[in-house]
Structure formats: structure tokens, C-alpha cells
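This report describes selected features of one structure, beginning with a contact between a helix and strands.

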Amino acid sequence: MERYPNLKESDPEIYSLIQKESEYESTTLKMIASESYASYSVLEACGSMLTDKYAEGYPGSRYYEGNEFVDCVENLAIDRAKVLFGAEHVNVQPYSGSPANQAVYRALLKIGDKVMGMPVPAGGHLTHGWKVNFSGMDYVQIPYGPDPTTGHFDMNLIRETAKRERPRMIWVGATAYPHKIEYKDFAEIANEIDAYLVADISHINAIIIAGMHPDPVPCCDVVTSTSHKMLRGPRAGFILSKLEDRFQKKYHPDDKWGLAKRIDRAVFPGLQGGPHLHIIAGMAVAFKEAMSDDFKKYGVQIVRNAKSLAESLLGKGWKLAGNGTDTHLLILDFRDKDFTGKEAAAALAKSGIIANFNMVPGDHRSPFVTSGVRLGTPSLTAMGMKEVDMIKVANWIDRVCRNIKNIDDHAENIKNEIADFCKNFKIPGIRE
């Protein structure tokens with residue numbers, strides 16, 4: 001029987017780089033808020049022969065023959081997502097979060113319509129109307145964001161802005177907002193002005209599943225998400241929606257499809273070609289894993305760890321945007337320091353703590369250097385760390401930030417301490 005070479009044999013360069021990345025992540029603290037670790041089962045599905053399959057269209061309506069089994073794969077992913085999130089309709093074909101959001105624009109709006117969303121410097125996402133993105137080029141962003149002083153949303157100001165500008169759609173979602181989002185409050189505003197309400201839960205889906213954050217599905221017309229980040233699936237996007245469009249007669253009087261069908265048609269054939277069936281299989285696995293009690297415990301622990309980390313850092317005298325966290329992330333606020341967020345993030349990385357520099361509300365520094373550092377707990381939680389471990393992490397962060405100007409004298413010792421600490425934990429998805 002012919003033996004096919006494995007990756008180590010066929011491409012030792014790529015194999016070596018993958019091994020180096022695995023070693024790197026096993027010996028450092030990965031605190032990128034938008035990352036976690038997929039299970040071995042998810043990785044196995046993504047590396048399956050479904051990579052080879054082309055199935056343009058939707059289950060039961062493909063443009064190719066031979067889709068009996070991949071139709072079952074996609075339907076299984078859809079059905080599991082419906083149960084997991086309580087959604088009426090699900091599309092699992094978006095290649096990632098940004099294409100999912102782009103499909104929502106195409107399904108709901110016309111070019112030039114007003115869209116209310118958080119700008120990137122305020123903690124929003126590129127696709128929520130930021131000027132350098134298609135969403136800011138093709139549509140008109142009406143910005144809102146957290147109060148620079150409190151770090152929380154001022155719902156009265158948001159309501160006033162919405163009533164004055166009357167956007168056709170309101171995005172509710174963030175990449176760097178450390179507090180709970182009350183979707184009911186946003187739904188009231190959207191209803192007052194006949195606007196679609198769309199939630200982007202890419203960053204917080206796992207803590208929603210765990211009951212640690214309000215659920216947007218009952219309040220929103222559409223909900224978008226990625227399946228990576230804390231959901232611990234493959235890099236992909238999906239869209240949850242109502243079946244019917246409550247503004248069909250007002251905004252789409254000539255349309256015969258309804259909301260769910262319009263979203264499907266916006267994804268394919270509007271924006272994409274054939275779906276990535278190997279990734280959809282990985283999504284199906286991730287959705288099943290997310291239904292388990294262990295996953296819900298993981299979601300609860302993410303928030304507990306973030307709160308423990310925040311309390312420890314506040315106790316050491318460091319300022320945090322919004323004065324703490326209710327979610328999976330927190331943002332160190334260095335607006336009154338003589339170093340930037342970029343300098344702090346570089347010093348942390350040199351010491352074995354991987355994070356990203358980030359704007360804070362009311363930031364006076366450029367987005368290229370910022371006054372903040374964003375820290376997240378999903379990856380550390382996936383490795384098995386608990387609240388007591390966050391106290392140790394806070395101690396290392398404190399040492400780094402107090403010695404930024406002479407970090408070369410401290411980084412190696414801290415990095416070695418962290419590497420020894422990480423030996424007590426294991427990255428899911430890596431087999432010995």
C-alpha cells in the first residue's frame with residue numbers, strides 16, 4: 001500500500017514553523033482578547049477531506065452533484081446553531097466575521113444609508129461603519145461610543161443621536177468594550193425610529209451561552225458572529241436572524257424573499273462562491289461542544305478570571321477603562337503615563353505576555369500608539385487557569401509596567417518565570 005508523506009517529511013519548513021508557534025504559545029500568556037484555542041476535534045474536522053469538496057449553493061439546492069453527505073454536514077451545523085442560540089434562521093457560509101457583516105448590509109440597506117455604530121477608536125469594529133472600510137465608504141456612519149469619563153454607554157445621548165439622525169440600521173457590538181451590553185435598551189431606541197437592530201457578538205458569544213451576558217437574539221433583527229475567538233471553533237462567520245422582516249413593506253416593498261432569504265442571497269450568490277465545507281464541519285463540532293456543561297463552565301470562568309485580573313490590577317494602582325470589567329476583557333489606561341500603549345504592549349510581549357495596544361475612551365494619543373493595552377482571559381481560561389492564577393498574572397503585568405523604561409533588565413527573568421508557570425497547564429488541541 002502506498003504511503004503518503006506526513007507534513008514533517010513533505011514540508012519540514014512549514015512543520016518547523018508550526019512547532020515553533022506551538023512552543024511559543026505553550027510558554028507565554030496569550031492574552032489577546034479575540035483568541036482562544038480550538039479543540040483537537042475541531043482541528044481534525046477542519047483538516048479533513050472535506051477541504052476538497054465544492055458545493056456551491058445551499059443544502060438541497062447545489063450547482064454540483066454528489067452533495068448527499070456535505071448537505072448533511074451543513075444542515076447539522078445549522079440545526080446545532082439554531083438550538084445553541086435559539087435562532088429562527090442561521091447561515092453558516094460566511095468565510096469570516098467581516099463577510100458576514102457585509103452580507104447584512106447588502107440584505108438590509110441601500111448604498112448611502114445611515115448606519116449607527118461604534119468607531120474603531122471608541123472600541124467598535126471596522127465593519128460597523130469605519131471610514132477606511134467598505135462600511136464607511138458605501139454607507140454613512142453615525143458614531144456613538146462610551147462616555148470618555150465613565151467608560152460606559154450614555155443611553156440618553158445615544159437615543160438623542162438616533163432620533164436626530166434616524167439611521168436605517170444600528171450596530172450593537174464591540175471589540176474593546178469591557179461592560180455588558182443591554183440589548184433591550186438599544187431595541188427600544190431602534191423601535192422608536194424604525195431601524196434594524198443588528199448585534200455583532202463575535203467577541204462575547206461564549207459568555208452569552210454561559211449566561212454571563214445578556215442575550216441579543218430575542219431583541220435583534222439579525223445577530224452576526226465569528227466561530228473562532230472564545231467560541232473555540234474554526235476561523236469563520238455565521239449569521240442568525242428572524243425569518244420575517246418587520247420592515248418589509250416600508251423598506252423592501254418590491255422584495256418577495258423575506259429577511260432570512262435575503263440574507264442567504266446576500267451571502268451567496270451576492271458576495272461569495274462555494275462554501276468551505278471543512279470549516280463548516282468544524283463549526284458543527286464547535287457548536288456541539290458549546291452545548292456541553294464543560295463549555296458553560298468555561299464561559300463562566302472567563303468572566304471570573306477577567307474580574308479577578310481587573311481587581312488585582314486596580315489594587316496595584318493601575319487604571320482601567322470603565323474602572324473594571326463585566327466581560328472577558330479589560331483595558332489598561334495609561335493616559336496619564338509618560339509611556340504609550342504601544343510601548344507597554346511591546347514590553348509585555350518581550351516578557352512573555354501577549355496583548356495588543358488599544359485606544360481608550362477619550363484617548364489623546366494616535367491610534368498608532370494609543371494610551372491603552374487590551375487584555376483578555378479566554379485563552380488562559382481554556383488552558384485551565386482560575387482566579388488565583390490571575391493574581392500571579394497581575395503581578396507579572398505590574399512588574400513589566402513599572403519597569404517599561406528599563407524592561408531589558410527584567411524581561412528575561414519574567415519570561416522564564418512565565419514559561420515555568422505555563423508547564424502547569426495545557427493547550428487544548430495539542431496532542432503529545
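## Helix 4 against the sheet

Helix 4 (residues 68-85) lies across strand 4 and strand 10 (237-241), where contact means heavy atoms within 4.5 Å. The helix runs at about 130° to strand 4; axes are lines fitted to C-alpha atoms, for helices over the stretch in contact, and angles run from 0 to 180 degrees between N-to-C directions. Helices (H or I, at least four residues) and strands (E, at least two) are DSSP runs, numbered from the N terminus.

## Basis of the model

The model is predicted: local features need pLDDT of at least 70, side-chain atom pairs count only at pLDDT 80 or more, and totals for chains, interfaces and linings use all residues. Residues are numbered from 1 along each chain as its sequence is written, and side-chain values use heavy atoms, with hydrogens and water left out.

An open sheet of mixed pairing is formed by seven strands in the order 4-10-9-8-7-5-6; two strands pair if DSSP finds at least two bridges between them. Its edges are strand 4 (89-91) and strand 6 (140-143), each pairing on one side only. On average, neighbouring strands of this sheet are turned by 20° against each other, direction ignored.

Strand 5 (residues 114-117) and strand 7 (residues 169-172) run parallel and are joined by two bridges. Methionine 116 has isoleucine 170 in strand 7 as its bridge partner.

## Leucine 7

Leucine 7 belongs to helix 1 (residues 7-10). This residue is partly exposed, with a relative accessible area of 39% (buried means under 20%, exposed over 50%, partly exposed in between; 1.4 Å probe, protein chains only).
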